[in-house]
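Welcome, and thanks for taking a look.

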Amino acid sequence: MTEEQPRESVIVEKELPLGPVHPALLEPFRVRFFVNDEIVEDCEVILSMPHRGIERILEGLPVERALLITERVCGICSNSHAWNSVRVIEKGLNIEVPPRALFIRVIAQELQRIASHLIFIGHAMEVVGHETFAMRAFLLREEYMDMLYFIGGNRVHPAVPVIGGVRPRCEISDSLKRVILETLERSERKLRNYVGRVVADPLVMGRLTGVGYLSKEDAIRLHAVGPTARASGVEWDWRMEMFEYKPFTYDYVILYEGDNKARVIARALEIFECIKIVRQALKDLPEGPVVNRDWSPQRMKFTDSYNEAPRGELYHSYSLDDYGKLRHYKIRTPTITSIHSVEFAAKGDHVTDAVVTIASCDPCLACCNRVEIIDEKSGRRRQFTSMIEVIKKYGWRR
Amino acid sequence: MDLLAGVISVVVCLIGAGLAIAMGAVIPGIERKVQARIQQRIGPPILTPGFWSWLKFAYKWPIKPWATIPRFYESIIALGVVIVIFALLITLPPFWGVLGVASILGIAGLLKLEELIYVLAGSVSQSLLSVPFLRHDLAKGGTKLGFRREYFEQQAAFRALKMAAICSIPLYIALAVPFAVAKSPFIADVISIQNPAFFLGGILPLPSKPIFLTVPGFIATIVYFAGYVMLLNEKPFNIVKPKVDLIEGVFLEYAAKYRTYMYMLIHIFTFVLSSIFVTLFLGIPLDPTKPALLALHLALTLPLPVLKAVLAAFSPVLTFRQLYPASMGFTALAAFSLVLALIL
Amino acid sequence: MGLKATARKNAIHALLVYSGGCNGCDIEVVNAVFSPRYDIEQYRILLTWNPREADVLIVTGAITWAMKEPLQRIYELIPEPKAVLAVGSCAINGCVFRNLVGDIKHNPEVFAPLEKIIPVDIKVPGCPPRPEDIIMAAVKGVPKLMAAP
């Protein structure tokens, strides 16, 4: 080695690995903490356990059927995946979507965003150790799951968007509109009460304040997205760019603290903005059809689409061949970019605090799984879609 | 006559041990129920977390634990149960005559031994769940290779040692307050200044001036409660076994009947510490020969676990960042009450 | 009924292993246990995270390549008698990840039917099953299995 590598000055005493079956992480991923006494000096998150080869099985499917699978990329933000995958083809083939359908999609998306943020708050409280707050969050979430159930017929995968509009079953009738408005009214009061109590609790806030600090520069450098970045002061939300959100007036929650407390509160405050959007959408719901069937699958150039999922920026892109079959489906989920920023932010804290920091980016590992191999000789990077492919090439590494 | 007295004292001790086991089987259910009602749900039946769980694990088929010294790891927990029951027995009247045993030294020594069980059990256990679970770790390209890889239990034992060193001090100082009031290291003297009627006989000898109602006694009670939660490693002081990083701490590998012993250790210890509190601070000893007093004693042992359950429902896990100041504060409070007790 | 069967019926510890599904079933199981609206604890089923303590293994998700071996090892850790609950279509037949749509060819990433890997006692279908379904399966099936031997 000719160049002198900069030596790291941290003293690592031992390694403490957690997971993949672990109560704090829930999903299968492994974290290796390198600790000195109780202080985390470095940490490594190992992903790739829930790799199901989704991009590969999507290859060559008829585009209508892709929805079945893209929705099942993730069970928490299923609507964002389904919506973003139809936005790609609508953008690429210029399919006109009726305005009523656009509004219903926004309603489903925002309801699911609230449910997702409540899961996050529940999970964060569970990781902090406060079971009562966690259970209250899950109790509050049930009302939103019920609303999704009324709209789509399934609690987790409501399957609202289809190409050219929404499923006719997901039409919002006047009675359903009234039910949703009443539930929102009731639930918002409870939520305000709940969030107020969480913020006022000195023990919980003592655990969260000042832990896992992520500065704005680091957030941008490490590509944090969504509420994780917005809690560090990055003023970016993909909803600013989306034409679906133009009719609504609401605020973006941007905090500047950058610690775990900010990441929890950013999501808690976003819930109320989501409720605002749902109210406006229900009030101004335009009349008319909900689906435009006037399109046919045909050749489409490589098109991409960005969406603001509950966890941040979501990217879908694909092209269609002459028969309307999917080619080169590519998904990039928010967690794959956010997880490295919290990996960085976890350094320098107690082990128990570091787990909270890792959980504070709301990791949703079901969606994100890529393997990147860098060839040291040529410096070429290649992304593999399949774990099997990697093993065939490089062998079963130990 | 001596033989008869000996037989009676043995019977009394057996009844005391039986009572400890019986209360230990019920108390976790009550705690769980209180916690569940705070969380707006129904919660498990009273006997499920305690009694039926013990029996169920006892009926499970034996399985070998992952430990460096499996037999030692298994036997240490049975020793722990014996220690905990013995800590209760030395507060029983038959032991009061034995020189130097029924004193603060006996209680504190046995409690300290119980804390060491955590360290000993943790240092030999090696759960599958932590290090050997996945082989991806040592793949080529891993961040830092070649460091000592720590199991959950070893980290927990490490933390248990810290807790035993720092966070149990408040309890021991608070324990010394009744003895300071009585100006004697023996339990018999502590009872006699609070409850002189006890030695005169009668159906229900009530204490005339319990230490709990004096100023140093009341401060010491608050500290004792904090120390009680610290010694039992319950929330918010459960850094030895927080679910979020160490899952269950040192007791991760106990299975089948050894898990019954582990549950007995924790549940009976909850009762024993509460019983010691009632004996020392309220002046109502656990005496199986006086049924009315016995019933009163058992009823008075319940508030402490219930308070503990309420505290656990409303608090997160505290890390050492918060634990050191908390422990220091409680130690200062306990020292203040001790000084008050010696002056007044 | 003897004391043994009564004890086994009255305290059941369940361990949740998430073997790479879409998170939906996982959240619904946690919901069934955790949410005060459902609260599985009132039916004497307690959630644990320690295989040594568990009686019932709840498996969700299509078993992925990396989770197959950990799943088998966890199954071996649980002391007898034990039962396995497969929750969700993924664990039962692979759902959309294993040739359910008809157009997908063989997907080598998932080892989908759980039965191929460990013996399964109870199956809860649905994508994802509602918490009510999970609770019904657990309440009706598990005590019978536990009391049987």
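This is a predicted model: local features need pLDDT of at least 70, side-chain atom pairs count only at pLDDT 80 or more; totals for chains, interfaces and linings use all residues.

Chain A and chain B bury about 4400 Å² between them, while for chain B and chain C the figure is about 3200 Å². Strands from chain A and chain B also line up in one open sheet.

**Where chain A meets chain B**

- On the chain A side, 51 residues take part in the contact, and chain B brings 45 residues to it.
- Of the area buried between chain A and chain B, 54% lies on carbon and sulfur atoms.
- Seven salt bridges are counted between these two chains.
- One salt bridge joins the side chains of A:Glu15 and B:Arg149, with N to O at 3.2 Å.
- Polar contacts link 19 residue pairs across the interface of chain A and chain B, counting pairs with both residues at pLDDT 80 or more.
- Several elements of chain A each give at least two residues to the side that touches chain B; among them are strand E1 (14–18), strand E2 (30–36) and strand E3 (39–46).
- By residue type, the side of chain A that touches chain B has 22 nonpolar, ten polar and 19 charged residues.

**A sheet built from two chains**

- E1 of chain A and strand E1 of chain B (residues 148–149) run parallel and are joined by two bridges.
- Within that pairing, A:Lys14 has B:Arg148 as its bridge partner.
- The open sheet holds four strands, ordered E3(A)-E2(A)-E1(A)-E1(B), and its pairing is mixed.
- E3 of chain A and E1 of chain B are the edge strands; each has a single partner strand, so one side of each has no neighbour in the sheet.

**Where chain B meets chain C**

- Here 38 residues of chain B are in contact with 33 residues of chain C.
- Carbon and sulfur atoms carry 59% of the area buried between chain B and chain C.
- Three residues, B:Lys56, B:Tyr59 and B:Lys60, supply 19% of the area that chain B buries against chain C, which is more than any other three residues.
- There are seven salt bridges across the interface of chain B and chain C.
- B:Lys60 also forms a salt bridge with C:Asp55, where the closest N and O atoms are 2.7 Å apart.
- The interface of chain B and chain C has 20 residue pairs in polar contact, with both residues at pLDDT 80 or more.
- Helix H2 (48–59) and helix H11 (256–282) of chain B each provide at least two residues of the side that touches chain C.
- H2 of chain B gives the largest share of that side, with seven residues.
- The side of chain B that touches chain C divides into 22 nonpolar, six polar and ten charged residues.

**The domains of chain A**

- Chain A has a domain 1 that covers 54–359 and a domain 2 that covers 372–398.
- Taken over C-alpha atoms, the centres of domain 1 and domain 2 of chain A are 32 Å apart.

Conventions: Residues are numbered from 1 along each chain as its sequence is written. Chains are lettered from A and ligands numbered from 1 in the order in which they are written. Side-chain values use heavy atoms; hydrogens and water are left out. Contact means heavy atoms within 4.5 Å. Buried area is the accessible area (1.4 Å probe) that two parts lose on being put together, summed over both. A salt bridge is a side-chain nitrogen of Lys or Arg within 4 Å of a carboxyl oxygen of Asp or Glu. A polar contact is a pair of N or O atoms within 3.5 Å; within protein, one must be able to donate a hydrogen and the other to accept it, and residues adjacent in sequence count only if both atoms are side-chain atoms. Ala, Val, Leu, Ile, Met, Phe, Trp, Tyr, Cys and Pro count as nonpolar, Asp, Glu, Lys and Arg as charged, and the others, Gly among them, as polar. Two strands pair if DSSP finds at least two bridges between them. Domain bounds come from an automatic or database domain assignment.
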